[in-house]
Amino acid sequence: MEQKKEIQQDMENYIKKTLLPESYLLQKGIISKMNPAFFSCDAENRCLTLQFEVQEWQLNPEGILHGGMIVTAFDTVFGLLCHFYMQQNMINTIDISTTFLKPIPANCKYTITAKANHVGNTITSMTAEAHLSENNLLLATASCTFMKLCTKADDVPY
């Protein structure tokens, strides 16, 4: 029981540290602009939930979240969860599939919960759901496969 608590705490600390403004992950690129926030994690069930807020620059011409932004959010949560298991190994998304169920309106918050269904030596497979924060409405689902690369990222403080 004590070991489960320790693994849970390690996971929470790892994810929270990775999402700090000064972390490598948020120094440049789109992830910092997406502004992901820790919501919860469950080490025993290999799940991670992050929260995002729809920003004006992310809207499509119809005034809803652009589909590419939700895919980016899914990929971000998947990547963080995968990195927890792969640690310093570089990883690469080799497949991602998204199903859009409801439009995501401007100025709202949504959560994405990813679950690592299989964590192997080379391949990790995950699924996820996006829900509107205010009422838990299911917005989209996704699945992905990541590959662990042979390269270590010793200079990247994940």
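User: Why is T18 called buried?

Analyst: T18 has a relative accessible area of 4%, and buried means under 20% relative accessible area, with exposed over 50% and partly exposed in between, using a 1.4 Å probe and protein chains only; T18 is therefore buried. This is a predicted model, in which local features need pLDDT of at least 70, side-chain atom pairs count only at pLDDT 80 or more, and totals for chains, interfaces and linings use all residues. Residues are numbered from 1 along each chain as its sequence is written, and side-chain values use heavy atoms, with hydrogens and water left out.

User: Where does T18 lie, and what does its side chain reach?

Analyst: T18 lies in helix 1, residues 2-18, where helices (H or I, at least four residues) and strands (E, at least two) are DSSP runs numbered from the N terminus. The side chain of T18 reaches the backbone oxygen of Y14 at 2.7 Å. Y14 also belongs to an aromatic cluster, together with F84 and Y85.

User: How many aromatic pairs does the structure hold, and why is the pair of F52 and Y110 called stacked?

Analyst: The structure holds four aromatic pairs. The ring centres of F52 and Y110 are 5.5 Å apart and their planes stand at 20°; rings of Phe, Tyr and Trp (its six-membered ring) pair if their centres lie within 6.5 Å, and planes under 30 degrees apart count as stacked, over 60 as edge-to-face and the rest as tilted. The pair of F52 and Y110 is therefore stacked.

User: What makes this pair a tie between parts of the protein?

Analyst: F52 lies in strand 2 (residues 47-53) and Y110 in strand 4 (residues 109-119), so the pair ties together parts that are 58 residues apart in sequence. Both F52 and Y110 are buried.

User: Why are F74 and F78 also described as stacked?

Analyst: The centres of their rings lie 6.2 Å apart and the planes are at 20°, so F74 and F78 are a stacked pair. Both residues lie in helix 3 (residues 67-86), four residues apart, which is about one turn of the helix, and both are buried.

User: How do you know that the radius of gyration agrees with a compact globule?

Analyst: The radius of gyration is taken over C-alpha atoms, and the globule rule is 2.2 Å times the number of residues to the power 0.38. For 158 residues a compact globule would have a value near 15 Å, and the protein has 15 Å, so the two agree. Of these 158 residues, 42% count as buried.

Conventions:
Polar contact = N/O pair within 3.5 Å; in protein donor to acceptor, adjacent residues only side chain to side chain.
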